[in-house]
Amino acid sequence: MHWHQKTVKDVVNALQSSVKGLSSDDAQRRLLEYGPNELKEKKKKTPFMIFLDQFKDFMILVLIAAAIIAGFLGELSDTIAIIVIVVLNAVIGFVQEYRAEKAMAALKKMSAPSTTVMRNGMPSVIAASELVPGDIVILEAGNVVPADMRLLESAQLRVEEAALTGESVPVEKNTAPLHDEHLPIGDRKNMAYKGTFATYGRGRGLVIATGMETELGKIATMLQEEEEVKTPLQKRLASFGQKLAAAVLAICVIVFVIGVIRGEAPLLMLLTAISLAVAAIPEALPAVITISLALGAKKLVKQNALIRKLPAVETLGSVTYICSDKTGTLTVNRMTVEEIYADGRIFNARDLEEATAEPGQPADFQPLSLLFTALAISNDSELDASGNVIGDPTEVALYNISGKKGFGKNELEKKYSRVSEIPFDSDRKCMTTFHAWSSGYVSFTKGAIDVLIDKAVNVLTSEGLRKIDPAEIQQTNERMAADGLRVICLAMRKWTTMPEDMNPERTETGITILGLVGLLDPPREEAREAVSLCTTAGIHPVMITGDHPITAKAIARRLGIVQDDVRTVMTGRELEKLSLEEFEERVGFVRVYARVTPEQKLKIVKALQDKGQFVAMTGDGVNDAPALKRADIGVAMGITGTDVSKEAAHMILLDDNFATIVKAVREGRRIFDNIRKFIKYTMTSNSGEIWTIFLAPFLGLPIPLLPIHILWINLVTDGLPGLALAAEPAEKGIMNRPPRHPQESIFAQSLGIDIIWVGLLMGAVSLFTQAWALKTGHAHWQTMVFTVLCLSQMGNVLALRSEKESFFALGIFSNKYLLGAVVLTFVLQMATVYVPALNPIFKTEPLTLNELLLTFLLSSVVFVAVELEKLLRRKKMTLEVK
């Protein structure tokens, strides 16, 4: 039912209530019928079930299988290492998911614990949970609205609805019925909604919905129903794990069968095949990913981005759309005077700096001085004990501009004390204050230009009073409004004595217009740069706000989000009329959404995701929570954000700054690049081992490596060097390339090809070593192959630090962790060859100096080949640019 369209009488009748409220018996009956005024939660998963869910990932199951196999082989160190990695991964995932379950608890906290209602014709304080439809609630400044209600009385009542609508300024309420059926929540001036709070005045409202039927309840329902989508990395790794498991199984079967056919011992071939399977699975991958994300999260905290869910760090690198709230994120969240129209001209911010206006006794024909005096003393803002200006955001902006020009309110009030006032009300759309003046009294009237222009008889200029030209003033007003400014008109009237009748119809006529003031919550300077960087990085910034479309478009134009294409702006009303299919056809063009509801924010995110986009959604209000949860990455505001939005989000901006998101995107790209480098490194190394063992029988060579060799190489090369890749700095021009396509395979951009050719080269070098050593009668051939394969992987990890830049251009010491890991791996490998106690364990023999030098030379082949391939790639890119 559209309660905002009904008259007070119709609403009271429809709910079978009265202006005296309900009787206790009637309220009790309704409580049984409608249930308590509380937000209900769906059945929660137990902490134990949340923990078990962490083991469902396919890659984790493959690792568990590898741990079991390693245990059967007697490789307990491998089993323990894998189990530790898997459990650590599960604990981190459990903590994140368990914290996310708190979103509903935070939402419930927003409900008022008690409220004042009319029961049995008398005011009574009851628990808010006992409210029922038909109750009449008494609202006063500072009260949290306990349920959705249709207002019956409003005495200058203003309600802060930012958490629900995104509107930054408290809304003036009235009781008149509204005729538009599809008005967004922010425009329903005769309604008050659960979870918002009264900031000024008082009123009475008839409860029309409680509990889950309220607008807040609908958000709670969406929050519970909305499933989080898997991150790009989770999707890619699931696919990668399945393909890898199938490939490894097939290769191991082939190796086993061919070995047996060639006459090798079946037990040896079984152990070799199983060892190969364990080696081929990159068990360090979850650890590398977790450490990469944790290091990234630690770095981002220093840049004012707090990561609540670790996978979100990498997801940022895939983002194609950033849907951002306007107020406080793209703007400074502080109303500011942008323009003033006085004395027949418009003063912008720079002009105002230069304009002269003398404080003191304003002369009759000094429009700017009189205007600033009016802004200062016809103002209800005050300084608190700590020196901060408190009051309505618009009043604060007027207080600040007048003070900045030397018209301090405290000093002026001593000269021109306020003697009376007619408060603002939404019917008159203005307010008037009376002050002592040099020759009697003066009244200053402040309000909407369309109202004051009809009450005015002249305009003050520096040359004297001039007859008002309504068309000229309206034209100026329209020009300022078109720039997204909120326009306020200031007027005055002199009195010899104070009027006896303070009726507004008599006192607010015959006034003289002093000027117009245009206000705006201006865009952040750094947000403009961040938007530009987004465009360079192939990311589309989108503004979603509860504000007026003209204001939203003006800010978006200043930031560079939109140009002048009308298709780029859409209102909530327009969006409501479109089906999801129709909207999906237009969603790619729209850059500004104004006057939208919570459901519509969710619709925008879903439409973009249906079109294959990865969406980051920012928000601070309760209304943002479902969309934050659904988005690929939800970003909550740390300063202005509600607990609900923070609990639903993946990341929290500690400075509420759009520019911080862009820094986080850069970090996300760096992390994914490094994860790709690890996958490339570990899969190249593993494929080198597989090719070596797989191809040897076809070339008439004995099995080149024993199971212990395979497991050792797997342990020392996949471990520390792989983990050290997580610390690799960002590639040059990381923000000058478009985002990765959401459907892009983890093997895209030649990664798969590199794994094959470098792995083949590694295998070929190892087999060449074996064949040469056997032909020339070197008894240590197996130790030589073992060492060449291990050290080739160290050369490979150094070369693939960058996909384009030379290792020497990057600098040997630019990743000290990796350098240390390579040196340690080299020392450990030498220990297996030259420490006598380790020779029988690893089935190795000390190499002669010539044999060692030859292994060093052959091990460098892979490093040189990868560096040459990067050189060719750089030359090709240079030619393409030319």
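How many of the eight residues of strand E15 (residues 430-437) are buried? Seven are, so E15 is largely enclosed by the rest of the structure. Buried denotes under 20% relative accessible area, exposed over 50%, and partly exposed the range in between (1.4 Å probe, protein chains only). Helices (H or I, at least four residues) and strands (E, at least two) are DSSP runs, numbered from the N terminus.

The model is predicted: local features need pLDDT of at least 70, side-chain atom pairs count only at pLDDT 80 or more, and totals for chains, interfaces and linings use all residues. Residues are numbered from 1 along each chain as its sequence is written, and side-chain values use heavy atoms, with hydrogens and water left out.

Strand E15 has pairing partners in E14 and E16. Two strands pair if DSSP finds at least two bridges between them. Strand E14 (residues 418-425) pairs with E15 in the antiparallel sense, over five bridges. In this pairing, serine 420 stands opposite phenylalanine 434 of E15. The hairpin of E14 and E15 has four residues between the strands. Lysine 429, in that hairpin, takes a positive phi near 60°. Strand E16 (residues 440-447) pairs with E15 over eight bridges, also in the antiparallel sense. Here tryptophan 437 stands opposite glycine 440 in E16. The hairpin joining E15 to E16 runs through two residues. In a regular strand, side chains alternate between the two faces of the sheet.

Helix H19 (residues 470-482) comprises 13 residues. From first C-alpha to last, H19 reaches 18 Å, close to the expected 18 Å at 1.5 Å a residue. The expected span is 1.5 Å times one less than the number of residues. Ile473, Thr476, Asn477 and Met480 of H19 are buried. Viewed down the axis of H19, its buried residues fall within an arc of 100°, so they line one face of the helix. The arc is that of the directions from the helix axis to the C-beta atoms. Ala471, Gln475 and Glu478 are exposed on the other side of H19. Elements covering the buried residues include helix H18 (449-455) and strands E10 (336-342), E11 (345-348), E17 (456-461), E19 (486-495) and E20 (511-520). Contact here means heavy atoms within 4.5 Å. Glycine 484 follows H19, with a positive phi near 85°.

The structure holds zero disulfides, a disulfide being a pair of cysteine sulfur atoms within 2.5 Å. Cysteine 323 counts as buried at 0% relative accessibility. Cysteine 790 is buried, with a relative accessible area of 0%.
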